[in-house]
Amino acid sequence: MPPYSTLSHLDCSRDASRHDADTLQGTSTLGAPLLARYDLERASALVTPADIASRAPDLWRYHELLPVRDERHVVTLGEGMTPLLDLPRHGARLGVPGLRMKDEGLVPTGAFKARGATVGVSRAVELGVTGIAMPTNGNAGAAWACYAARAGIDALIAMPVDAPVITRRECVVAGAELYLVDGLIGDAGAIIADAVTRRPGFQDTSTLREPYRLEGKKTMGYEIVEQLGWRCPDVILYPTGGGVGIIAIHKALLEMRELGWITGPLPRLVAVQATGCAPIVDAFHAGLDASTPPADPRTVAFGITVPKALGDFLVLDAVRSSGGTAIAVTDAELLAAQGALARDEGTWICPEGAACVAAVGQLRESGWLDGTEDVVVLNTGSGLIYPDTVPVEVPTLPRGAVV
Ligand SMILES: *Cc1c(COP(=O)(O)O)cnc(C)c1O
């Protein structure tokens, strides 16, 4: 039997020291994220893009490049292979006719966090974890709570009181132990880090403090390339909070190049943030390798309200080494983009995704995009999670009224 996974070991993202992948790991001895490595030579002998094309339309189609060793441990709700939509009318309006959107609003739980959760929970179960614990800005907690329920393990979640209310309900309905914290995600993280020390069997699954969430998110990169016929777009824009998605897409691209599945230049990666919380953008333009938390982080794009990301240096490396850039847009701009896109294309996206759409317009205006590129924006979630982003002021009619 060929192996289900070609997982080999874990590398420290700072000093490349090697760590065992088959015991439970958090961060490296340096406190840095661990990156899963595969036997890519073996993988390219085991599977080809043509084989993948004949598999079920979910992210487990890339299982040789995912960390779960035994298929029986896969905890799935049918996530992945989301649409890569053309945006002809809105693209033309922005002067970027080659604009497309990877629409993650269609995954279980309504945000792309389900990708990290399906792989992270599956691998946790495989390694004997009986409960996951995490701080969240809402969407990750909701997803991990649902996948934990599906796996039959416990979930302990802490989120800021300001996180989208619907995500509380998702945690509660799935039976998670949920706490609201009067503070930011870092404050929730401190409570969780303490709690896991007193709960045997629990794993701290905070952003980049376990290695496998990133592996789930990297499938966005594989899918974009597969959906374009194993070709890269020129530019990918990603709404960056903890940065897992953009680090992961970059990792996927490097893996596909090593597998021989893509050739030529990699896409330029663009980290998009909101001006109310833009530490990565600031660090990028200051030429720094690490970010400084803003004093009063605040934006309607709650999923990207991350003042200090553990993987900031990895995001900055992904952006710089791909020839990309980093850009911040205001809440007013991203909300305007959300409305304009819905009117042009009929798709209600989350404010984080809308930040990327707004950024496309600004990069075209500044000339960073010349309008000939194939551009992919990530819409990381459904607008339905954020009902309050759209005010409704319409008349109520008496019965029998004529309009
Ligand atoms: C978590 C989240 C993000 C940011 O994701 P990272 O990969 O951690 O940067 C963006 N959009 C939405 C909707 C999110 O929930």
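1. In this predicted model, a polar side-chain atom of Thr 380 lies 2.7 Å from a nitrogen atom of the ligand, a polar contact being a pair of N or O atoms within 3.5 Å. The protein buries 96% of the 390 Å² that the ligand exposes when taken alone (Shrake-Rupley areas, 1.4 Å probe).

2. Backbone atoms also face the ligand's oxygen atoms: a backbone N or O atom of Gly 242 lies 3.3 Å from one oxygen atom of the ligand, and a polar backbone atom of Val 244 is 3.3 Å from a ligand oxygen. The ligand is surrounded by 18 residues (a heavy atom within 4 Å), and Lys 113, Tyr 238 and Gly 243 are among the closest.

3. Thr 389 counts as buried because its relative accessibility is 15%, the limit being under 20% (1.4 Å probe, protein chains only). The side chain of Thr 389 makes a polar contact of 3.3 Å with the side chain of Gln 338, and a polar atom of that threonine side chain lies 2.7 Å from the backbone oxygen of Tyr 386.

4. On conventions, residues are numbered from 1 along each chain as its sequence is written, and side-chain values use heavy atoms, without hydrogens or water. Local features need pLDDT of at least 70 and side-chain atom pairs 80 or more, whereas totals for chains, interfaces and linings use all residues.

Methods: Polar contact = N/O pair within 3.5 Å; in protein donor to acceptor, adjacent residues only side chain to side chain. Buried < 20%, exposed > 50% of the residue type's maximum accessible area, 1.4 Å probe, protein only.
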